[in-house]
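Student: Please take one part of this model and look at it closely. Then set that part in the context of the whole chain.

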Amino acid sequence: PICIPDQNNIVNLSFLAPGISNLDPQWVGPGIIDPLNGLFDPEIAGEGIHQIRLELRDSFCQYNGSTLITVYNPAPLSFIIPDSICLGDTIQLSSEKASTGYSIGWNIGTADLIQDLGNGELLVSWNSEGLKSISVIQENAFCSSQETTKEIMVVAPLPPLDPVCSSDYQSITFSWNDHPEVTNYRITILPSGSTEMVSDNNYTATGLQAGDSVTVLIEPVWSGPCPVEPIELKCKTLPCPSVDLDISPVPSICLGDNNTPINLNVMVSNAPPGGQIIWNGPGVNSTGVFDPALSGSGSHLVTAEFEIFGCSYSESITIEVNENPDIGILGNDRITCADPESELLVQAFNASTGDVSWETPNGIVQADTLIASVPGWHYVTFTDDQTGCTDRDSIFIIDAMDGPDDILLTTELANCSPSNSGVIDIREIIGGTPAYTVYLDGIQQAGVGMITNLSPGMY
């Protein structure tokens with residue numbers, strides 16, 4: 001037999017003819033390319049059993065002989081395998097069907113035979129990564145085809161990503177191990193399901209508030225054959241800080257014309273940089289300026305609110321705004337020789353009880369009632385016992401102690417009838433200090449001028 005893949009050369013046929021000479025040989029049959037010299041080409045003959053005849057002639061006779069030449073020429077088998085496989089996975093080796101009389105033979109190299117499935121099919125796997133080769137032939141006892149060889153890349157799975165996260169109050173950064181084989185990473189935000197592709201080995205979720213949580217699925221995108229399971233990681237931003245607020249106390253305020261706005265102050269402790277303070281309450285604006293004229297009197301609750309990273313804190317104080325008492329002085333504003341002392345009283349409004357303090361030319365007097373006996377300015381200050389608010393008033397005591405030097409007057413005598421027709425006409429008072437009080441026989445008269453209806457007598 002001739003196996004073309006192994007012996008694809010021209011065969012020189014020969015014969016033996018003892019006792020015969022001067023022969024003229026002629027070779028006849030498939031594959032004979034030189035009938036005289038007996039050159040046989042197996043490839044031209046093709047696969048099969050071929051009868052080759054030999055014809056010999058001498059001067060007188062013709063001699064014939066024949067032989068059978070078997071030619072085997074199995075064609076290479078084709079098969080399909082993937083370009084790559086994940087380390088530890090199995091593939092099934094299967095080629096085209098072998099020709100009649102031939103069987104399929106595999107060379108699996110370093111692969112592990114997992115199972116022989118029969119009919120020339122195998123289940124194989126590899127326990128190491130790298131470029132591997134697989135070959136197949138069809139063969140019988142005499143001949144085998146040329147090998148068909150293909151290569152397959154055995155790829156190890158991606159190492160674990162081992163994701164971690166770091167947070168501040170407004171963002172979370174997810175990071176993981178980077179791998180050169182990975183082109184991108186698909187980030188899926190849960191539970192919304194929105195996705196984003198990133199090329200670096202980190203992703204930052206922004207626009208968050210303190211205490212927010214974010215869950216992501218991190219999935220490498222690569223061309224390798226090994227499947228990749230997304231890694232889920234849930235992280236939180238930093239919790240709200242333990243911030244303390246302390247508002248500076250505001251003393252009680254007495255409402256009056258001279259009130260000026262007050263800048264309120266709050267001390268913020270244990271807070272990170274940033275944040276905003278907003279004030280609210282009666283008479284206060286958002287920046288913390290309190291105006292008693294706007295709030296009016298009363299107990300006013302004022303609140304400072306501090307906001308940072310979505311966290312809110314508040315602290316309140318009560319500001320007391322009180323009405324000032326309204327006082328007046330009751331009493332005579334002059335002292336005279338007839339009335340050398342003036343009793344001065346204080347009348348208070350918007351207050352129940354309080355302390356009264358007089359400032360007189362003779363000094364300070366602490367008394368509700370003052371007996372004024374000297375001329376000049378007298379001041380009084382009233383302090384409300386409940387609120388501490390004050391009011392002040394004053395009175396000028398006139399010195400009218402000097403009497404007149406003389407009185408110019410005329411009289412008209414009373415007639416007998418009517419008997420009360422007498423008149424005293426006070427024309428002028430010389431000396432003394434106006435205004436004057438006129439007494440007639442101890443009875444106070446209307447004033448300087450005419451005193452009528454007098455009866456005869458001595459006045």
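Tutor: P191 sits in the loop between strand 17 (184-190) and strand 18 (194-198). Strands here are DSSP runs of E with at least two residues, helices are runs of H or I with at least four, and both are numbered from the N terminus. The peptide bond that joins L190 and P191 is cis, with omega at about 5 degrees. This is a predicted model, in which local features need pLDDT of at least 70 and side-chain atom pairs count only at pLDDT 80 or more, while totals for chains, interfaces and linings use all residues. Residues are numbered from 1 along each chain as its sequence is written, and side-chain values use heavy atoms, with hydrogens and water left out.

L190 leads on to T215. L190 is one of the residues in contact with T215, along with T188, I189, E232, L233 and K234. That list leaves aside neighbours of T215 within four places in sequence, and contact means heavy atoms within 4.5 Å. T215 belongs to strand 20 (residues 213-221). Its relative accessibility is 13%, so T215 counts as buried. The cut-offs are under 20% relative accessible area for buried, over 50% for exposed, and partly exposed in between, using a 1.4 Å probe and protein chains only.

T360 lies in strand 33 (residues 354-360). T360 has 16% relative accessibility and is therefore buried. It touches V365, L370, W377 and H378, with residues up to four places away in sequence not counted.

Back to loops. N119 is in the loop between strand 11 (112-118) and strand 12 (121-125). It is not a glycine, yet its phi is positive, at about 55 degrees. N119 is exposed, with a relative accessible area of 79%. N270 lies in the loop between strand 25 (266-269) and strand 26 (276-280). N270 is not a glycine either, and has a positive phi of about 65 degrees. At 56% relative accessibility, N270 is exposed.

Strand 30 pairs with strand 32 (residues 342-349) in the antiparallel sense, over five bridges. Pairing requires at least two bridges found by DSSP. Within strand 32, F349 stands opposite D326.

Now the whole chain. It holds two helices and 42 strands. Its radius of gyration is 66 Å, well over the 23 Å that the globule rule gives for 459 residues, so the chain is more spread out than a compact globule. The radius is taken over C-alpha atoms, and the rule is 2.2 Å times the number of residues to the power 0.38. The C-alpha trace spans about 230 × 35 × 30 Å along its principal axes.

Of the 459 residues, 34% are buried. Among contacts with a separation of 6 or more, 56% join residues 24 or more positions apart. The accessible surface comes to about 26500 Å², and carbon and sulfur atoms hold 48% of it. Such areas come from the Shrake-Rupley method with a 1.4 Å probe; for residues, only the protein chains shown count as cover.

Last, charge. The chain has 11 positive and 57 negative charges, and their mean positions are 22 Å apart. Lys and Arg count as positive, Asp and Glu as negative; His and the chain ends are not counted. Each charge is placed at NZ of Lys, CZ of Arg, CG of Asp or CD of Glu.
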